[in-house]
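Here is a guided look at one protein, written for someone meeting it for the first time. Keep the 3D view open and follow along.

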Amino acid sequence: KQAQFSAALADETYGQSRNALLPTVSGNINGNRNFGRSIDPSTNQFISQQFDAASGSLNGSVDLFAGGQKINQIKQNKLLLDADKANVDKVKNDLILQVVTSYMQILFNKDLLKAAEAQLVVAKQTANQQQQLLDVGNKTLADVSQSKSQVAVSELEVTNAQNNLAISYLTLNQLMELPSDNKFEVQAPLVDAITIAKNDYSAPEVVSIAMNAFPDIKLAALRSQAAEKGINVARGTYFPRLSFGGGLGTNYSSRFSALANQTFYDQIQDNFNQFVGFSLSIPVFNGFTSRSNVRRAKINYQNIQVQEQLAKNNLNKVIYQAVADLRAAESRFRSTTNAFAAQKDAFFVIEQRYNVGLANSVEFSTAQTNRNKAEIDMIQAKYDLLFKSKVIDYYLGKQIAF
């Protein structure tokens with residue numbers, strides 16, 4: 001909304017600069033009572049008596065030439081308007097990416113909570129089993145204590161996961177300008193992560209497309225073009241200003257009405273006058289103000305050119321990094337998926353051995369911890385891969401969808 005308001009103001013400025021080409025027209029009416037020595041407007045003579053006077057006029061003028069200032073100002077304001085429109089797109093893009101990031105964080109935290117709850121169930125079942133084995137003399141009190149400790153750790157992990165999920169929902173609510181206590185559920189993507197993340201674009205291809213479509217680059221380029229026009233606007237003060245104008249007017253004097261026996265309307269008609277003419281203003285010396293303004297405009301243009309180049313350099317850098325991150329995320333997801341499958345199998349074996357007394361509580365706890373960590377790593381890698389693939393779509397100018 002703020003970006004749209006800025007664009008609306010720029011649109012109004014642009015419209016006003018176009019209207020500045022139109023003539024200016026003004027009118028005035030004066031009425032007064034004169035005392036002492038004053039000029040009678042009907043005779044233009046000094047008199048020393050009281051009388052009433054009235055006058056009215058209508059004047060208009062239009063610039064025929066002003067060094068191209070108004071034309072260049074229109075062009076500059078049009079570029080600034082286009083820049084503000086591009087800024088609206090930029091802000092939308094940035095907000096979309098923020099919302100997607102928060103959405104992915106919710107999905108990640110939901111899966112972490114499910115994993116933590118599943119581990120808590122396993123930990124409780126193990127603790128009950130150890131208590132039963134202790135009752136029949138097949139386990140020691142240390143084994144039972146270890147299993148109860150694991151339950152406490154799992155309960156803490158569930159609590160932490162619940163808190164993280166609540167915070168991620170709160171963040172998304174705030175980004176979407178919804179009440180902080182608004183309740184809703186997000187739907188996870190319905191396709192496999194690898195399918196979503198399938199992306200064969202190379203970094204140079206993404207850069208080439210983004211340079212022509214990404215709002216940040218378009219915004220920087222338009223601001224640079226507008227700054228260049230600002231130099232022409234400043235140079236306009238070097239040139240003479242030629243204007244054409246005209247007007248009409250009339251006046252009334254109560255003294256002349258008494259002397260010549262003329263009514264108010266007769267005087268208004270008889271004193272009616274008109275004029276047309278040209279005005280040429282030639283700048284000779286203004287304390288180097290024009291020169292200073294031109295120099296400032298040039299420096300501003302050079303500065304904005306540097307900003308435009310920095311925007312391009314930064315886009316190039318982040319895209320190359322994003323493509324590299326995506327490739328790394330693909331490898332990490334495959335690795336963590338394989339690691340989780342291996343740790344599940346390892347934990348199953350240790351669990352079976354532990355249940356028949358062939359593995360101790362330390363081995364069991366270590367295997368369970370390794371499995372939990374492998375699952376969390378896989379979940380994190382999955383959503384990291386999803387997010388990294390959407391970042392590439394973001395730079396390609398595609399709509400982010402799941």
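Leaving aside its neighbours within four places in sequence, which residues is leucine 134 in contact with? They are Lys139, Thr140, Leu141 and Val144, where contact means heavy atoms within 4.5 Å. Leucine 134 lies in helix H2.

Before going further, a word on what you're looking at. This is a predicted model, in which local features need pLDDT of at least 70 and side-chain atom pairs count only at pLDDT 80 or more, while totals for chains, interfaces and linings use all residues. Residues are numbered from 1 along each chain as its sequence is written, and side-chain values use heavy atoms, with hydrogens and water left out.

**The overall picture**

The protein has 10 helices and six strands; these are DSSP runs numbered from the N terminus, with helices being H or I runs of at least four residues and strands being E runs of at least two. With a radius of gyration of 40 Å, well over the 21 Å that the globule rule gives for 402 residues, the protein is more spread out than a compact globule. (That radius is taken over C-alpha atoms, and the globule rule is 2.2 Å times the number of residues to the power 0.38.) You can see this in the box that the C-alpha atoms fill, roughly 140 × 45 × 40 Å along the principal axes.

Buried residues make up 36% of the 402 residues. Here buried means under 20% relative accessible area, exposed means over 50%, and partly exposed is in between, using a 1.4 Å probe and protein chains only. As for contacts between residues at least 6 apart in sequence, 80% of them join residues at least 24 apart.

**Two helix pairs**

Start with helix H1 (residues 2-19) and helix H2 (residues 69-135). They pack at an angle of about 165 degrees, and their axes are 9 Å apart. That makes H1 roughly antiparallel to H2. Axes are lines fitted to C-alpha atoms, for helices over the stretch in contact, and angles run from 0 to 180 degrees between N-to-C directions. Angles under 35 degrees count as roughly parallel, over 145 as roughly antiparallel, 65 to 115 as roughly perpendicular and the rest as oblique.

H1 passes H2 in a left-handed crossing. A crossing gets that name if the near helix is turned anticlockwise from the far one by less than a right angle, and it's right-handed if clockwise. On the H1 side, the residues that meet H2 include Ala3, Ala7, Ala10 and Tyr14; on the H2 side, Ile74, Leu81, Val88 and Val91 are among them. By class, the residues of this contact of H1 with H2 divide into nine nonpolar, seven polar and six charged. Ala, Val, Leu, Ile, Met, Phe, Trp, Tyr, Cys and Pro count as nonpolar, Asp, Glu, Lys and Arg as charged, and the others, Gly among them, as polar.

Now find helix H3 (residues 141-175) and helix H10 (residues 361-396), which pack at an angle of about 15 degrees with their axes 10 Å apart. That makes H3 roughly parallel to H10. H3 passes H10 in a right-handed crossing. Asp143, Gln146 and Gln150 in H3 meet Ser361, Ser365 and Gln368 in H10, and this contact of H3 with H10 has no nonpolar, five polar and one charged residues.

| Residue | Relative accessible area | Class |
|---|---|---|
| Alanine 161 | 9% | buried |
| Serine 38 | 12% | buried |
| Leucine 134 | 23% | partly exposed |
| Phenylalanine 288 | 46% | partly exposed |
| Glutamate 177 | 71% | exposed |

Alanine 161 is found in helix H3. For leucine 134 and phenylalanine 5, 129 residues apart along the chain, the C-alpha separation is 72 Å.

Serine 38 sits in strand S2 (residues 37-40). Beyond residues up to four places away in sequence, serine 38 touches Gln45, Phe46, Ile47 and Phe51.

What is the phi of glutamate 177? Although glutamate 177 is not a glycine, its phi is positive, at about 55 degrees. You'll find glutamate 177 in the loop between H3 and helix H4 (193-196). Phenylalanine 288, also not a glycine, has a positive phi near 60 degrees, and is found in the loop between strand S6 (273-281) and helix H9 (289-355).
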